[in-house]
Every structure is written in C-alpha cells, then in structure tokens.
Amino acid sequence: MKSHLDPQRVAAARALLEVDEGKHLDVQGPLARHVALGVLRLRGALDAVLEQVGRPMGKLDPEVRVALRIGLFELKRSRTPDHAAVDQAVQLVRRLKAGRASGYVNAVLRKSADIALSDDPLLNHPDWIIERWKGRLGEGTAAWCAELDKPAPLGLAGDFRDLVDARPGPVPGTALLDNAGAVEALPGFDEGTWWVMDPAAAAVADLVPLGRVLDACAAPGGKTLRLLSRGCDVVAIDRSKGRLSRLRQNLKRCGHTIEMHEVDWEAGPVEEPELFDCVLVDAPCTALGTTRRHPEIRWTRQPTDPLAMAIRQERILQNAARHVAPGGTVVYAVCSTEPEEGREVARSLGWPIEEELDTTGHAHMDAHYAARMRRPE
C-alpha cells in the first residue's frame, strides 16, 4: 500500500520551484526546511547522479527536476526507507501536475539508489562562482565550499549566558549555537538580551568608532544593536517603511528606541545633511557571502550581478558619505565575496582606507567585506 504524501515535501518542492524562478527560499516546517536546504546545498552532486541514469537535468520540466532531487536527497541523506523515498517522489511529481513523468521518476530513482553521491564540494556551486573563488582562494576553495555545504550554526550577539549550549564565536562578544530550532523559543529572546548576528557582521560593526553614527542601511538591525551595545549614538535610515518597521520591532524587543528616517540613497543625498562622526553603509549586494545559510543564492545569481550591483552601491556610498563630518569616517560593507561590489566600490570613493576586513574563506562565519575610510579635513 502506498504511503500518504507528506505535505511538508510538497511545501519543500514548491519552495524549490520558486528558487528556480529566482526567488529566495521561503519554507516553513522542520522537514520542509531540511529537505529544501539539503537539496540546495547538494544540488550539483545530486544532479551528477541523476544524469548518470537519466536525461540531462536542463531538459526536464522544473517539476520533474524538483521531484527527482528531493527523492534522491532522501535516498542519500535521510532516514526515510528507500521504497518510501521513491514512492513519495512519485506521488510528489503527480501532485505537481507532472504525472506523465511518474514512471520516469520511479525508474531513475531506483537506478540511482546504488550510486554514491560525490563528496567533491566544488560540484555544489555554479562553475562561474568556483572559477572566481579559485582565483582568490586557490587550494582553499574546496575546503571552504565543503563548509558552505554544512548546516550553518546560529550566530548570536549580546548577553547569551542563559544559552548553555552556545559556544564562543570567532569575534569577541559573539556566540554560535548548533541545532538551535525556533529562535523565538530560545531563552532570552523575548527579553531581548541577545539578537541574531553572524560574527562577520559583528566584526563589520566593530570597525565603526565610538561617536554619533548614521546607520545608513540599517534594517533588519543587527549592526544597529551592536553599535548601541558599544555606546554609539545612532540614527538609523533605510529605504522603505516595511524595512524600518522590521528594524523598529527588533530594537524594541531589545529595549531601544532611536531616531529613524526613510531615505532612498539611490535617489540622491538628503538636502541640508546633518554631519556625523561616522556613517555605516551596509549596502545591498548579491549576498554571495551568505550561501552557507542561504544556499539558494548560489543558484539564483548570475555572473553579471556583482558588477550590476556595484553601479547601485557606488551611488549609495557617494550619497551617504556626504553625511560624514570633515575628519570623520565612513565604513562601507557588503556580505559578498566579490571584489567588484566590495573593495572596488570602497576605492571608488577616493578616501584613504584606514582598515579593511575580508572574512572570505573563514570556516566559522559568513563572507563579508568592509573598509573604514577617513574623510579628508
């Protein structure tokens, strides 16, 4: 007798189909998240096996590709019995209205059951990304990609003493928590004693000197909270009411109320700008440095994206930097590995660089680039 199709597998499949359309992964439920994230982290290795016994994946309908990937992932990386994994994949492709391919899915998965997944982590990123990283990381590329294919620990900042399973992070005042589960259920969340923050983001915020700071792209608020915890006087800006609302909620949970404004830096500078000791520009970017926790990004970005983002970033940086007082500093940052939107954008401002940060290749935190630059007197 066939088993009932688990709705969480359907949720995982629909989320993966949205990723194929260029969207961020958005899926709820422990099984759905486990399956969707697992497929995205191991997609290259899964496809290599499936193509050994079936047609090229690019020639299949998206629904068939998703059912095959989920089925093979469960065959190789879950406790689901083999017959149940195949049966669920067949039912899944029917639920996705591609039932004409159910026999094909059944046959390919049965033939794939005895083929081992490759342990080459370079398979699980697009070739264009691997070639870029090899040019900068060399032999370290494979080791870093292997880290990116592991589940990411939860990064924390603040007072996390009540989280007995938290281990120290690589940046002072940060911690890492494995298998955290629902963040909202952890001790101290409701009280606002800590907040979610990757150690790399904390290291970026720590480049900001004490004083009056304009956080120019502040939402969702991790760096804002880090600045406040260090004693900075912060004014926060972001480009939309929705993003500011999220920022306000996070600050309120942690007991802070600060001045906020809605500004789109791409539209131009603020008239009669107030001057600050430092302006932090955590610019929108490709987010290629966060593929450990958001593996969909590696598959949705294109080779032209870093340069396209750099055009926007230069405009944002130039406009926000007009708020820096003479002799003050600007800290420019992106959560990206790519120099076009990191180092090269920072240099486009033409100010002397005092300090740089690049966490690309670090095994225990995301890849961020940041530069602190001083405005000439």
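**Reading helices, cavities and sheets**

Me: At what angle do the axes of H2 and H4 cross, and within what distance do they come?
Reply: Two packed helices are described by the angle between their axes and the distance between the axes. Here, the axes of H2 and H4 cross at roughly 95° and come within 10 Å. Axes are lines fitted to C-alpha atoms, for helices over the stretch in contact, and angles run from 0 to 180 degrees between N-to-C directions. Helices (H or I, at least four residues) and strands (E, at least two) are DSSP runs, numbered from the N terminus.

Me: What should I know about the model before going on?
Reply: This is a predicted model: local features need pLDDT of at least 70, side-chain atom pairs count only at pLDDT 80 or more, and totals for chains, interfaces and linings use all residues. Residues are numbered from 1 along each chain as its sequence is written, and side-chain values use heavy atoms, with hydrogens and water left out.

Me: Which word describes how H2 and H4 lie to each other?
Reply: H2 and H4 are therefore roughly perpendicular. Angles of 65 to 115 degrees get that word; under 35 is roughly parallel, over 145 roughly antiparallel, and the rest oblique. His 34, Val 35, Gly 38 and Val 39 of H2 make the contact with Arg 69, Ile 70, Phe 73 and Arg 77 of H4. Contact means heavy atoms within 4.5 Å. By class, the residues of this contact are four nonpolar, two polar and two charged. Ala, Val, Leu, Ile, Met, Phe, Trp, Tyr, Cys and Pro count as nonpolar, Asp, Glu, Lys and Arg as charged, and the others, Gly among them, as polar.

Me: How do helix H7 and helix H8 pack?
Reply: Helix H7 (residues 127-137) and helix H8 (residues 140-148) make an angle of about 125°, and their axes are 8 Å apart. H7 and H8 are therefore oblique to each other. From H7 come Ile 130, Trp 133, Lys 134 and Leu 137; they meet Gly 140, Thr 141, Trp 144, Cys 145 and Leu 148 of H8. In the contact of H7 with H8, six residues are nonpolar, two polar and one charged.

Me: How many cavities of 30 Å³ or more does the structure hold?
Reply: Rolling a probe the size of a water molecule over the atoms shows where empty space is left. This structure holds two such cavities. On a 1 Å grid over the protein atoms alone, a cavity is a set of points where a 1.4 Å probe fits but cannot get out; lining residues have an atom within 4 Å of a point. Grid points are joined across faces, edges and corners, and a volume is the space filled by probe spheres set on the points.

Me: Which residues line the largest cavity?
Reply: Its volume is about 40 Å³. Leu 16, Val 19, Asp 20, Val 39, Leu 40, Arg 43, Val 66 and Arg 69 line the largest cavity. Helix H1 (7-20), helix H2 (30-41) and helix H4 (62-77) each give two or more residues to this lining. H1 gives the largest share, three residues. The lining has five nonpolar, no polar and three charged residues.

Me: What lines the second largest cavity?
Reply: This cavity holds about 30 Å³ of space. Its lining includes Trp 144, Leu 148, Arg 292 and His 362.

Me: What is the strand order in the open sheet of seven strands?
Reply: Strands of a sheet pair through backbone hydrogen bonds, either parallel or antiparallel. Here the order is E7-E6-E5-E8-E9-E11-E10, with mixed pairing. Strand E7 (259-262) and strand E10 (353-358) are the edges, each pairing on one side only. Two strands pair if DSSP finds at least two bridges between them. Strand E6 (residues 233-238) and E7 pair in the parallel sense over four bridges. Ile 237 stands opposite His 261 in E7. Helix H11 (residues 241-253) lies across E6 and E7, at about 165° to E7.

Me: Which pairing does the open sheet of four strands have?
Reply: The pairing is antiparallel, in the order E2-E3-E1-E4. Strand E2 (167-168) and strand E4 (194-196) are its edge strands. Strand E1 (residues 154-158) and E4 share three bridges. Ala 157 stands opposite Trp 195 in E4.

Me: Where are Pro 220 and Lys 97, and what is omega or phi there?
Reply: Most residues other than glycine have a negative phi, and most peptide bonds are trans. A cis peptide bond joins Ala 219 and Pro 220, with omega about 5°. Pro 220 sits in the loop between E5 and H10. Lys 97 is not a glycine, yet has a positive phi of about 65°. Lys 97 is in the loop between helix H5 (82-95) and helix H6 (102-112).

Methods
1 Å grid on protein atoms, 1.4 Å probe; cavity = no way out; pocket = protein on both sides within 12 Å on 5 of 7 lines; lining within 4 Å.
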